[in-house]
Amino acid sequence: MNPPAGQPPTHTPQTEVLAQVLDSMPVGALLLDSEGRLLWENQQLRRSLGLSEGESSPALGHRLQDRPNLSGLTALIDQITAGQQVRAALAEFTTVAGVTVSFSIDAGPLAGRENAAPGEPSCWVLLRDLAQRGPLAGRLQKAQQMEFVGVAVAGVIHDLNNILTALG
């Protein structure tokens, strides 16, 4: 049975307080099961996706890998549901409302929930909306692009040096 939109999977005083804390955070938060099914999402994520107050994501209760607008994130979702840590992964997709959003994603397994049954929470995901960060997000993306270019250029220079050494 799926919990009501915006509620954690089980209702105890502790989980209700935790849900209130997560709802007040300035980053999107969600819980997934071992199959990639979206079990819970916080208010900030719904706002970032352009959903109105009280409206839940159409992905709630569904495997994220099966959502057509998230097909480009299948490998990342599989990595998360396999229990791997993810830090500052950049992701961009179009919401069901047709709005393109960019997020920096951090994720990991829930401690002690490695063998959770399907439908039970097994991993957490935090999503930072890069549009809200303004120029900083652009600088981060540029820095990552420059790092990639630097590594590629260093490889080419190394190969050229090997060729020149062999010729010399």
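1. In which helix does Leu-18 lie? Leu-18 belongs to helix H1, which spans residues 13-24, where helices (H or I, at least four residues) and strands (E, at least two) are DSSP runs numbered from the N terminus. With a relative accessible area of 48%, Leu-18 is partly exposed; by the convention used here, buried stands for under 20% relative accessible area, exposed for over 50%, and partly exposed for what lies in between (1.4 Å probe, protein chains only).

2. A word on the basis of these remarks: this is a predicted model, in which local features need pLDDT of at least 70 and side-chain atom pairs count only at pLDDT 80 or more, while totals for chains, interfaces and linings use all residues. Residues are numbered from 1 along each chain as its sequence is written, and side-chain values use heavy atoms, with hydrogens and water left out.

3. Leu-18 also contributes, together with Val-17 and Val-21, to a nonpolar surface patch of about 250 Å². Patches consist of residues with over 30% relative accessible area and no salt bridge, like charges being joined within 9 Å and nonpolar side chains (Val, Leu, Ile, Met, Phe, Trp, Tyr) within 5 Å; the areas come from the Shrake-Rupley method with a 1.4 Å probe, and for residues only the protein chains shown count as cover.

4. Six salt bridges are found when the whole structure is searched, a salt bridge being a side-chain nitrogen of Lys or Arg within 4 Å of a carboxyl oxygen of Asp or Glu. One of them joins Arg-63 to Asp-66, with the closest N and O atoms 3.0 Å apart; Arg-63 is partly exposed at 29%, whereas Asp-66 is exposed at 53% relative accessibility.

5. Another salt bridge links Arg-37 and Glu-35 at 2.9 Å, N to O, and Glu-35 is partly exposed at 29% relative accessibility. A further one brings Glu-120 and Arg-113 together at 3.4 Å, N to O, with Glu-120 partly exposed at 36% and Arg-113 partly exposed at 29%. Through salt bridges that share partners, Asp-33, Glu-35 and Arg-37 form one network.

6. The structure contains one aromatic pair. The ring centres of Phe-93 and Phe-103 are 5.9 Å apart and the planes stand at 25°, so the pair is stacked; rings of Phe, Tyr and Trp (its six-membered ring) pair if their centres lie within 6.5 Å, and planes under 30 degrees apart count as stacked, over 60 as edge-to-face and the rest as tilted. Because Phe-93 sits in strand E3 (residues 86-94) and Phe-103 in strand E4 (residues 100-109), the pair ties together parts that are 10 residues apart in sequence. Both Phe-93 and Phe-103 are buried.

7. Which residues of helix H3 are buried? In this helix (residues 74-81) they are Leu-76, Ile-77, Ile-80 and Thr-81. They cover an arc of only 130° around the axis, which puts them on the same side of H3, the arc being that of the directions from the helix axis to the C-beta atoms. These buried residues pack against strand E1 (28-32), E3, E4 and strand E5 (123-129), and after H3 comes Gly-83, whose phi is positive, near 90°.

8. Finally, Gln-43 is found in helix H2 (residues 43-48) and counts as buried at 17% relative accessibility. Leaving aside residues up to four places away in sequence, Gln-43 touches Asp-23 and Glu-53, where contact means heavy atoms within 4.5 Å.
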